[in-house]
Amino acid sequence: MTNWMRDPTAETSAVKRARRVPPKSLEGLTVGLFDIGKTRTPEFLDRVEQRFKERGLKTYRCGKPTNAKVATTENLQKISSEVDVILIGLSD
Amino acid sequence: MAERLEAKHKGGTLVSRKIEYSDTSDPMEVCYQRGWTDGLPVTPPTDERVLEMLKGTRRRADEVVGKIPPYLGTCTVEKVAINAVLAGCKPEYMPVLLAALEAALEPVFTLHGVLATTYFSSPIIIVNGPIARAIGMNSGLNVLGQGNRANATIGRALNLIVQNVGGGRPGEADRSTLGAPSKYTLCFAEDESDPEWEPLSVARGFPRGVSTVTLFQGHGPEAIVDQKTRTAEGLTRSIASSLVKMGHPKLVQSARAVLVLTPEHYAIYKESGWDRKKIERALYEATIRPGREILAGADGVGEGVPASRAEEMVPKFHDDGLMVVRAGGPAGLFSAVLPGWLAGRNKLELQPVTKEIKT
Amino acid sequence: MNFDSRGIPGISVVTTGFTDAVATQSKALGFEPAVLFVPHPIQNRTPEELDKIADVIVEPALKLLTAVK
């Protein structure tokens, strides 16, 4: 069953909202690496983090303890206060 | 049930874009995610609700009401209805909302400026005439506060239209430094229970018995207390001494205001036989001060008039700048001022607008 | 998991077997997710293979994290 509502705007923007505008450069910013708990993700992110660090980027490892559970609001709030952008992986 | 079937058939007559969502999504949350709210939850605009809302007006859904600042989005009656649903309006409020929107779009109302200003102002809606009672508006206890659906949602719908159709959002085109709770909604009806009182609509040129909206650029309220004075003359000087403090005592630029005169204060005027014209004139004159009393720089305070005006008698308001509106509960020797927008170089440039409400 | 609404631009790394699910989620949320795909499966890769897969997405990830839309 398709559900819909009627758009209250002047419809000048795309039906899909553009994602939040990213920064122009990562210099001086902290990149979060979020582990969503799937197998092998820690090693994968280790490597990505290593490569990011080689480029002089600041990184911040975070995640949820198990894939099965949803991330807590508290966790998400804490992470949001520590990072400027975030890479989330791996969905298998 | 009938509505649902009608929606299925007549859903074709609604032309606004459909925003789809899955069965696992909460439509209320989707409205938040899409940026359609003012921070408080809105009613999801389903076809049934929008079609029901459109029954509140004879006007066609595809009729263009106008282009809404700041980005001049085209607003049809259908878009008004959708935002009216968001706000929580009943269909019978549609004529008031449509009239308010048209009043706000009059060039002299300067809606773009009101939205974009760093000041506190937003469109305040004052309703006169039989429609106020017919749709259950409040003009009495807590009139400027919460609790009445018509008061709350009509004002809210207008602000949502500016946000959603016009694209006017805080932090973007809306640069208000502090804003005000009145920017959610400030809409009320004048107390017309005393047949001897000239309603605002009549003062502004409409026949008695015709329903109108008056749109005023302002914020508020701010309290005006006087629990002691017993004479009309004394009360005038007393209220005037509060009115001149509007914004800043030495500021003479913010030259319009609505004085919401409550029953117990009005009774003092009525006892002396003062009518609207006399009250407004007396207040206007009582807020004129010698320039030398409000010079800039005195005591290190920068605000004020230049020395060249020292010998002038300087009014606080434009000569048509003070509008008295009767409202409020039966007990309480406090009235209120809704200060006008700090803008407009002369009285012609920026004005309140009154329009007839057509059903 | 929506960092977007908390003011944090984000990108996701997803294995290619999962394309349909990503599209569905995007439709419901109404925004374009920034997604990078890596080859499926992941669980049984050797450490060296995993490193290679990670290396490949580093540049695209950095680009996507600063991409102007």
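Biologist: Let's start with T110(B): buried or exposed?
Modeller: This is a predicted model, where local features need pLDDT of at least 70, side-chain atom pairs count only at pLDDT 80 or more, and totals for chains, interfaces and linings use all residues. A residue is buried if 20 or more other C-beta atoms lie within 10 Å of its own, exposed if 12 or fewer, and partly exposed in between, with the C-beta atoms placed from the backbone. T110(B) has 21 such atoms within 10 Å, so it comes out as buried.

Biologist: And where in chain B does T110(B) lie?
Modeller: Residues are numbered from 1 along each chain as written, while chains are lettered from A and ligands numbered from 1 in written order. T110(B) has a positive phi of about 60° without being a glycine. Helices (H or I, at least four residues) and strands (E, at least two) are DSSP runs numbered from the N terminus. In those terms, T110(B) lies in the loop between helix 5 and helix 6 (111-116) of chain B.

Biologist: D299(B) has a positive phi too; is D299(B) buried or exposed?
Modeller: Its phi is about 60°, and D299(B) is no glycine either. D299(B) is in the loop between strand 9 (288-290) and strand 10 (313-315) of chain B.

Biologist: At what angle do helix 4 and helix 5 of chain B pack?
Modeller: Axes are lines fitted to C-alpha atoms, for helices over the stretch in contact, and angles run from 0 to 180 degrees between N-to-C directions. Helix 4 (77-87) and helix 5 (94-105) of chain B have axes 11 Å apart, and the angle is about 115°.

Biologist: Which residues of helix 5 of chain B make that contact?
Modeller: Two residues are in contact if their C-beta atoms, placed from the backbone, lie within 7 Å. From helix 4 of chain B come V80(B), A81(B) and A84(B). The contact divides into 7 nonpolar, no polar and no charged residues, where Ala, Val, Leu, Ile, Met, Phe, Trp, Tyr, Cys and Pro count as nonpolar, Asp, Glu, Lys and Arg as charged, and the others, Gly among them, as polar. On the helix 5 side of chain B, it is M94(B), L97(B), L98(B) and L101(B).

Biologist: Which residues touch the most other members of the largest nonpolar core?
Modeller: A nonpolar core is a set of buried Ala, Val, Leu, Ile, Met, Phe, Trp, Tyr and Cys residues joined through C-beta atoms within 7 Å. The largest one has 99 residues, and its largest share, 9 residues, comes from helix 5 of chain B. Touching the most other members are A84(B), L97(B), A100(B) and I154(B).

Biologist: Why does this core lie between two domains of chain B?
Modeller: Domain bounds come from an automatic or database domain assignment. Both domains give residues to the core, so it lies between domain 1 (1-219 + 349-359) and domain 2 (220-339) of chain B.

Biologist: How many residues does domain 2 of chain B put into the contact with domain 1?
Modeller: The domain centres, taken over C-alpha atoms, are 30 Å apart. Domain 1 of chain B supplies 20 residues, which divide into 11 nonpolar, 6 polar and 3 charged. For domain 2 of chain B the number is 14.

Biologist: What is omega for the cis bond from G220(B) to P221(B)?
Modeller: P221(B) is in the loop between strand 6 (212-218) and strand 7 (222-225) of chain B. For its cis bond with G220(B), omega is near 5°.
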